[in-house]
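Here is a short report on metal sites. Please look at the model first.

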Amino acid sequence: MSNVEDTIGMGLSKIQDGLDKSKNKVGSIKEVSKLNKTIEDLSAKKAEVLLEVGINVYKKVREGLIKDEQIIEKCKSIVGFDYIIYDNKRKIEELKKENEGFLCSCGNTLTYEDKFCGGCGKKVEIPVEDIEYINCNNCDMNINSDLNFCPCCGVKIN
Ligand SMILES: [Zn+2]
Ligand SMILES: [Zn+2]
């Protein structure tokens with residue numbers, strides 16, 4: 001082999017080396033993102049299972065089946081969250097109801113601002129709810145006294 005060919009050969013093998021190395025680099029980056037993807041997927045699944053376990057534990061706490069003070073204490077914050085969530089949902093319902101209005105006996109839709117029905121001319125009487133309210137002794141939410149369970153925190157009422 002001449003010196004020139006040697007030099008070219010060495011040059012080529014260096015280039016090949018470089019290609020192999022960058023191929024390895026790409027390979028390992030792919031490998032890392034694959035591993036990360038698995039970690040992400042399993043972490044999401046784990047969070048799902050933990051949530052399910054938590055929901056079941058909280059259900060048992062409400063039923064009085066769990067006596068562990070630490071768990072009971074931790075669950076107390078949920079009652080506060082439930083209260084605000086329920087209260088906000090109720091406000092949304094009320095706002096929706098206000099927007100939808102209500103029906104006159106003639107079938108015409110009335111708003112809460114109407115004084116007289118536009119359909120039959122009758123004086124508008126805003127329907128009153130015939131519901132007796134009590135306060136839940138767990139979360140203090142104002143709730144319908146006919147219910148068996150608090151719709152806010154899930155505790156047994158009657
Ligand atoms: Zn009417
Ligand atoms: Zn309650």
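Predicted model: local features only at pLDDT ≥ 70, side-chain atom pairs only at ≥ 80, totals over all residues.

Residues are numbered from 1 along each chain as its sequence is written, chains are lettered from A and ligands numbered from 1 in the order in which they are written, and side-chain values use heavy atoms, without hydrogens and water.

Donors are N, O and S atoms within 2.8 Å of the metal (3.2 Å for Na, K and Ca); water is not among the atoms, so sites may look incomplete.

| Ligand | Donors | Distance |
|---|---|---|
| zinc ion (ligand 1) | Cys104 (SG), Cys106 (SG), Cys117 (SG), Cys120 (SG) | 2.2 to 2.4 Å |
| zinc ion (ligand 2) | Cys136 (SG), Cys139 (SG), Cys150 (SG), Cys153 (SG) | 2.3 to 2.4 Å |

The donor spacing for ligand 1 is C-x1-C-x10-C-x2-C. For ligand 2 it is C-x2-C-x10-C-x2-C.

The donor angles at ligand 1 run from 103 to 113°, so the arrangement is tetrahedral.

Accessibility comes next. Buried means under 20% relative accessible area, exposed over 50%, partly exposed in between (1.4 Å probe, protein chains only). Cys106 is partly exposed at 41%. Cys120 is also partly exposed, at 41%. Cys150 and Cys153 are both buried.

Asp140 is not a glycine, yet its phi is positive, near 75°. Asp140 is partly exposed, with a relative accessible area of 47%.

Key: Tetrahedral: all angles 85-135°; square planar, octahedral: opposite > 155°, others 65-115°.
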